[in-house]
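Me: I have a structure to read and I am new to this. Can we go through it feature by feature?

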There are 2 protein chains.
Amino acid sequence: MRDFGKKLRIMLIDDNANHLRGIKELISLETNYNVVGATRSANLGINLVKKYHPDVVLMDINMPEKDGLQAIQSIVKSGVQTNIVILSGYDDSDLIYRAMKLGAKGYVLKTMASSKLIDAIEEVASGKIYLPAVLSTRFFEYFQNAAKEESKTCEGENLLTTLTVRENEVLELLTEGINYKSIAQKLIISETTVKTHVNNIFQKLQVNDRTNAVLYALTHGFKSESSVSPKSAMMSAV
Amino acid sequence: MRDFGKKLRIMLIDDNANHLRGIKELISLETNYNVVGATRSANLGINLVKKYHPDVVLMDINMPEKDGLQAIQSIVKSGVQTNIVILSGYDDSDLIYRAMKLGAKGYVLKTMASSKLIDAIEEVASGKIYLPAVLSTRFFEYFQNAAKEESKTCEGENLLTTLTVRENEVLELLTEGINYKSIAQKLIISETTVKTHVNNIFQKLQVNDRTNAVLYALTHGFKSESSVSPKSAMMSAV
DNA sequence: ACTTGCCTAAATCTACAGATTGATAAAATT
DNA sequence: AATTTTATCAATCTGTAGATTTAGGCAAGT
């Protein structure tokens, strides 16, 4: 939680000198903020963040030297506890999506009123997310679209449901890339029995080999019985 | 875009009779809304939505008969163009996450001021997302956490980067579950060359067979060169 | 000129995958 | 009681996967 007794330490990163100065002046007007760094270089900015651990980082996302998204990643990966607010000229849904996915806590357009920037700083500093309604809508455009695409692969008579309990067990081991012999040992049955099961699985999943069986399983939401917590495994797009 | 000349057609689904009545009365106070249906049954509600195509569906997410999340899924799957606003007593981050992922356009807590509900209706009816700041923060708690978990699997010296261009091409075909002969035909090289590449891939990825190579590729964010648009493939958690 | 890395390829060989057929016994359905 | 499904196993056979070794051509860097 934010300590109102102390000034918020803020870091600015923007390759555009004019913007940098403008923002700096804007923030200087606020008595309870303290600009601990301002730089036009993304790489330098990242190092400064690591050194000074600011409460909030205001960062442009369009920088020539280093991609803003990469910069977010670098800072997040570094483990420094800070709150990144993206300053962007664009409201592309996928840019917003990626920035937020990488761990940005706020996103503000440069065209927005400067008061929004102050709002953003306050919100993220107190552990909240700041994403104005317009940008939130943009974000969800991408997010829900991606989710829809994904759900398509799970649709249409999921053949996995036709598998018996035993076949599920076998398939689970198959998806771990284990060979017949090891599967037989793990399930304490003979290797030929395993082969029988695997063949039945192939027929049910309408594939010809284990690689395709595993692919089918993974792209159709196969979950092992044992795994209680459904591991999230959203991917790519980053 | 919303046509302000016509009244917004609204559907209510809430298993709690008192809530249902309360919301109905609340909405009736607004002159430009038209409640085209109100039911305590989730299943009936879904059918009513299919029949009457309301502009907005206000739906409780805690219903005994059918899970609210499933209800969202049913409506979205049906292809009916409508905007679902979730009414919930809980602000669990994963509940919000799942509801939004399934395609809900708004999320309002029952404890919130009734004016928020009106706001939500207006926003979603005009194609926007309505997610109050508190709930947005909750949503991103889950979202960013999931993304972090995911990124872990991609971390640590991604061996995929060590692959040559050609090896990448071969690996891509491997991940499609194609055999040596077909790969050779597709790349117009001999089968033995393919084997050589595959063996090199195995060594680089530190695996012994194609199944494990494919598994490694899929769990470490393998992307083919050709795929321009990064297909999102976020999964599970639903 | 020399080294290094990549793509290509052949030959050989072992081991495992996968197809096929057939059979038994228990369990669940009807 | 009769039938179907499931789980188990055996034997056989073909094909492919994958390991290994050797090697030529080619491009890029030292």
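Me: Which helix gives the most to the surface near DNA strand D?

Reply: Helix 9 of chain A does, with 4 residues. Two terms first. A helix is a DSSP run of H or I with at least four residues, a strand is a run of E with at least two, and both are numbered from the N terminus. A residue is near a molecule or strand if one of its heavy atoms lies within 4 Å of it. Helix 9 of chain A and helix 9 of chain B each supply at least two residues of the surface near DNA strand D.

Me: What should I know about the model before we go on?

Reply: This is a predicted model, in which local features need pLDDT of at least 70 and side-chain atom pairs count only at pLDDT 80 or more, while totals for chains, interfaces and linings use all residues. Residues are numbered from 1 along each chain as its sequence is written, chains are lettered from A and ligands numbered from 1 in the order in which they are written, and side-chain values use heavy atoms, with hydrogens and water left out.

Me: How many residues surround DNA strand D, and which are the closest?

Reply: 16 residues surround DNA strand D. The closest are A:Thr164, A:Arg166, A:Ser190, B:Tyr180 and B:Asn199. Of the atoms of DNA strand D that come within 4 Å of the protein, sugar and phosphate account for 69%.

Me: Which classes of residue make up that surface near DNA strand D?

Reply: Sort by residue name. Ala, Val, Leu, Ile, Met, Phe, Trp, Tyr, Cys and Pro count as nonpolar, Asp, Glu, Lys and Arg as charged, and the others, Gly among them, as polar. The surface near DNA strand D has 3 nonpolar, 9 polar and 4 charged residues.

Me: Where do polar atoms of chain A meet a phosphate oxygen of DNA strand D?

Reply: Look for polar contacts. Each is a pair of N or O atoms within 3.5 Å; within protein, one must be able to donate a hydrogen and the other to accept it, and residues adjacent in sequence count only if both atoms are side-chain atoms. A backbone N or O atom of A:Ser190 lies 2.7 Å from a phosphate oxygen of DNA strand D. For a polar side-chain atom of A:Thr193, the distance to a phosphate oxygen is 3.0 Å. An N or O atom in the side chain of A:His197 is also 3.0 Å from a phosphate oxygen of this DNA strand.

Me: What surrounds DNA strand C?

Reply: 17 residues do, and the closest are A:Tyr180, A:Asn199, B:Thr164, B:Arg166 and B:Ser190. By class, this surface has 4 nonpolar, 9 polar and 4 charged residues. Helix 9 of chain B gives the most to the surface near DNA strand C, with 4 residues. Of the atoms of DNA strand C within 4 Å of the protein, 72% belong to sugar or phosphate and the rest to bases. A phosphate oxygen of DNA strand C is 2.8 Å from an N or O atom in the side chain of B:His197. The side chain of A:Arg210 has an N or O atom 3.0 Å from a phosphate oxygen of DNA strand C.

Me: How do I read the relation between two copies of a chain?

Reply: Two copies of a chain are related by a rotation about an axis and a shift along it. The copies are superposed by least squares on the C-alpha atoms of residues with pLDDT of at least 70 in both. Chain A can be laid on chain B with an RMSD of 0.6 Å by a turn of 180 degrees and a shift of 0.3 Å along the axis. That is the relation of a two-fold axis. The same surface serves both copies: 98% of the contact residues (heavy atoms within 4.5 Å) of chain A recur in chain B.

Me: What is the strand order in the sheet of chain A?

Reply: Pairing comes first: two strands pair if DSSP finds at least two bridges between them. In chain A, 5 strands form an open sheet in the order 2-1-3-4-5, with parallel pairing. The edge strands are strand 2 (33-39) and strand 5 (106-109), and each pairs on one side only. Strand 1 (residues 8-13) and strand 3 (residues 56-60) of chain A pair in the parallel sense over 4 bridges.
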